[in-house]
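Dear colleague,

I am handing over the structure that you will be looking at for the coming work. Please open it below, and then read on for what was found in it.

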Amino acid sequence: MPATVPGPPSVLVHLTSSSASVPAQSVPAQSVPAQSGPGRAGHPDRPPLPVAATVAHLLPERALHRGGTLVVTGSTSLVLALVARASREGAWMAAVGLPGVGVLAAQQAGVELDRLALVPHPGADAPTVLAALMDGVDVVIVGPAVALGDADRRRLMARARERGAVLLATTPWPGARLVLTAEPAAWTGLGAGYGHLRSHRWTVTRGGRGGAGQIVRSAVVLPVGEGDPIDAPGQAPVAPHEAAPLRLVG
């Protein structure tokens with residue numbers, strides 16, 4: 001049964017466990033341990049969060065910038081791939097408003113389930129839930145099932161900067177430092193009506209502010225299925241504005 005603690009927010013955070021295929025326990029957002037998350041104002045120089053070599057070339061710093069806000073649209077697999085290595089190296093993650101993301105998908109992407117919190121339906125308390133999570137979580141992923149106004153977004157960006165958290169949105173977010181837009185290109189692993197899907201090729205367009213302002217298009221190959229080499233070398237960049245080739249499978 002979920003543990004109950006009085007006081008807002010009333011939404012429950014599901015802490016997953018690698019020993020089970022379903023959430024192991026449910027606790028209110030304010031009970032996520034603050035000491036396990038990012039540095040506070042007294043620790044502004046903590047290093048950025050590492051990412052797998054498969055996707056590192058998509059980021060200007062080849063890592064997740066603490067205190068920054070980025071947008072990733074078009075691929076939940078890319079979102080999980082970006083945070084997987086950091087979670088395995090001790091960072092805490094929270095996915096808010098992403099009911100379609102389950103523990104199996106996260107596990108297959110390489111996310112450490114013991115450090116993943118899921119809030120599928122934050123409801124009207126979404127701004128409070130997100131702000132509370134940033135006090136104790138390194139990466140907060142914001143999905144489409146989160147209702148926020150422009151003022152909420154500005155406050156959350158400021159809180160991410162203050163707390164040294166990474167704010168990763170899967171829908172457009174005004175003021176985001178980095179924007180990655182993924183488009184499917186091809187699947188690999190299938191023959192003429194037989195075989196197993198092994199990987200999915202994406203074309204990712206990068207834009208944003210500052211050093212990320214120049215539009216760059218790159219190819220990314222993400223594995224399909226548990227146990228695949230998510231830390232395989234990244235793919236070579238595609239020339240800016242060059243259309244990625246499409247291939248008919250089957």
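Predicted model: local features only at pLDDT ≥ 70, side-chain atom pairs only at ≥ 80, totals over all residues.

Turning to the helices, I would draw your attention to helix 4, which covers residues 126-134. Its buried residues are Ala126, Val129, Leu130, Ala131, Leu133 and Met134. These buried residues pack against several strands, namely strand 6 (93-96), strand 7 (116-119), strand 8 (139-142) and strand 9 (166-169), and also against helix 5 (150-163).

The other topic is charged pairs. In general, side chains of opposite charge can pair when their charged atoms come close. A search of the whole structure finds eight salt bridges, and I describe some of them here.

One of them joins arginine 159 to aspartate 135, with a distance of 2.9 Å from N to O. Because arginine 159 lies in helix 5 while aspartate 135 sits in the loop between helix 4 and strand 8, this pair ties together parts that are 24 residues apart in sequence. Arginine 159 is partly exposed, with a relative accessible area of 24%, and aspartate 135 is partly exposed as well, with a relative accessible area of 21%.

Aspartate 135 also meets arginine 163 in a salt bridge, again at 2.9 Å from N to O. Here too the pair links distant parts of the chain, since arginine 163 belongs to helix 5 and aspartate 135 to the loop between helix 4 and strand 8, 28 residues apart. Through these shared partners, Asp135, Arg159 and Arg163 are joined into one network of salt bridges.

A further salt bridge is formed by arginine 85 with glutamate 89, whose closest N and O atoms are 2.8 Å apart. Arginine 85 has a relative accessibility of 31% and therefore counts as partly exposed.

With kind regards

How values were computed: Residues numbered from 1 in each chain as written. Heavy atoms only, no water. Buried < 20%, exposed > 50% of the residue type's maximum accessible area, 1.4 Å probe, protein only. Helix = DSSP H or I, 4+ residues; strand = E, 2+ residues; numbered from the N terminus. Contact = heavy atoms within 4.5 Å. Salt bridge = Lys/Arg side-chain N within 4 Å of Asp/Glu carboxyl O.
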